[in-house]
Amino acid sequence: MSEELYNNDPFMKLNPLIEECIDEFYMNPDDAGKISNLFDTIIIAMAQDGHILIPVETPDAALKIFDPDKIKVGDTIQAEEDLHWKLIHLTNDEGKICMPIFTSQDKMEESGAGGCSVISYFMDEYFKQFLEMENVEGIIINPGERSIFLNRDIVARLLADCQAHKSKPHTPGKDAYFVNPQNIKAGLRETMAEYVDNNIPEIEKIWFTGIHDGEEDSLLFAVKMNTVNKQQIFDRMNTMIILMRVDMPVDFMACEDKPWEGAELIYERKIADKKYN
């Protein structure tokens with residue numbers, strides 16, 4: 001498939017960061033912080049619906065309806081029968097099977113797999129499918145000189161952390177009510193305010209509170225912003241939540257004013273710094 005397809009894939013925007021973390025790990029493999037940074041980056045990519053490239057064998061039926069080397073972004077393909085793509089696997093000297101994935105077309109070329117067909121797919125969904133595979137030891141990211149092996153336990157842990165931190169705009173239920181937040185991670189409010197001030201100019205104000213909805217208590221950032229792309233803003237804020245490893249649910253809500261009397265204003269952009277679309 002065309003390299004253009006992957007250079008323009010918005011779901012792979014964080015993959016260069018994964019590659020940088022892998023390079024930093026190989027420069028200092030004894031530093032536990034390097035592998036921790038890599039895992040955090042993978043979690044962030046999954047939480048933001050990031051994709052990876054999966055090498056596959058092109059079914060004969062597919063070759064009858066398109067040329068993998070000539071397909072372009074935006075092309076429409078209609079198959080007259082179901083297409084069954086076979087995942088490519090690797091076997092080591094001990095006979096153990098691993099599943100290769102890639103962060104970019106360039107990494108596929110470097111590994112010698114550039115001639116394979118590939119599917120761009122959600123990383124978290126692929127990890128879930130991997131855990132259901134039998135007799136497969138793990139996943140190898142970018143097979144080659146600088147590869148990373150993820151065994152089943154690591155994949156399961158990464159998925160659990162990702163699901164715990166998926167961002168979402170909060171729409172409280174009819175019986176939900178605001179509460180004073182409890183068990184707040186030290187430095188959370190200050191770190192979020194500094195991060196927003198330096199990285200998200202669309203945000204004008206942030207109120208911090210807690211919310212009780214059903215049987216769940218969570219932390220809530222109520223955000224006043226000057227953009228319609230609310231989910232993008234929440235995802236960027238959620239990056240900091242993941243990096244800080246906040247161990248309780250965190251929600252986000254767009255608002256124009258203080259959501260309730262007990263909410264704490266933790267950030268207000270200076271008028272001179274505001275940037276409008």
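This is a predicted model: local features need pLDDT of at least 70, side-chain atom pairs count only at pLDDT 80 or more; totals for chains, interfaces and linings use all residues.

Me: How far apart in space are Gly187 and Met244, C-alpha to C-alpha?

Reply: In sequence, Gly187 and Met244 are 57 residues apart. In space, the distance from C-alpha to C-alpha is 9.2 Å.

Me: What length does helix α8 reach from its first C-alpha to its last?

Reply: Helix α8 covers residues 188–199, which gives 12 residues. At 1.5 Å a residue, a span of 16 Å is expected. The computed reach from the first C-alpha to the last is close to that expectation, at 16 Å.

Me: Within what arc do the buried residues of α8 fall, seen down its axis?

Reply: The buried residues of α8 are Leu188, Met192, Ala193, Tyr195 and Val196. They line one face of the helix, because seen down the axis they fall within an arc of 165°.

Me: Which exposed residues does α8 carry on the face turned away from its buried side?

Reply: Exposed means a relative accessible area over 50%. On the face of α8 turned away from the buried side, the exposed residues are Glu190, Glu194 and Asn198.

Me: Is Asn142 buried or exposed?

Reply: Asn142 lies in the loop between β6 and β7 (148–151). Its phi is positive, about 55°, although Asn142 is not a glycine. The relative accessible area of Asn142 is 5%, and a value under 20% counts as buried, so Asn142 is buried.

Me: Is Asn135 buried or exposed?

Reply: Asn135 lies in the loop between α6 (123–131) and β6 (138–141). Asn135 also has a positive phi, near 60°, in a residue other than glycine. With a relative accessible area of 68%, Asn135 is exposed.

Me: How many residues in the lining of the largest cavity are polar?

Reply: The largest cavity has a volume of about 30 Å³. Its lining consists of Ile18, Ile52, Ile101, Thr103, Met123 and Ile141. Five of these residues are nonpolar and no residue is charged, while the number of polar residues is one.

Me: How many disulfides does a search of the whole structure find?

Reply: Cys98 is buried, with a relative accessible area of 7%. Cys255 is buried as well, at 13%. A disulfide requires a pair of cysteine sulfur atoms within 2.5 Å, and the number found in the whole structure is zero.

Conventions. Residues are numbered from 1 along each chain as its sequence is written. Side-chain values use heavy atoms; hydrogens and water are left out. Buried means under 20% relative accessible area, exposed over 50%, partly exposed in between (1.4 Å probe, protein chains only). On a 1 Å grid over the protein atoms alone, a cavity is a set of points where a 1.4 Å probe fits but cannot get out, and a pocket is an open set with protein on both sides within 12 Å along at least five of seven lines; lining residues have an atom within 4 Å of a point. Grid points are joined across faces, edges and corners, and a volume is the space filled by probe spheres set on the points. Ala, Val, Leu, Ile, Met, Phe, Trp, Tyr, Cys and Pro count as nonpolar, Asp, Glu, Lys and Arg as charged, and the others, Gly among them, as polar. Helices (H or I, at least four residues) and strands (E, at least two) are DSSP runs, numbered from the N terminus. The expected span of a helix is 1.5 Å times one less than its number of residues. The arc is that of the directions from the helix axis to the C-beta atoms.
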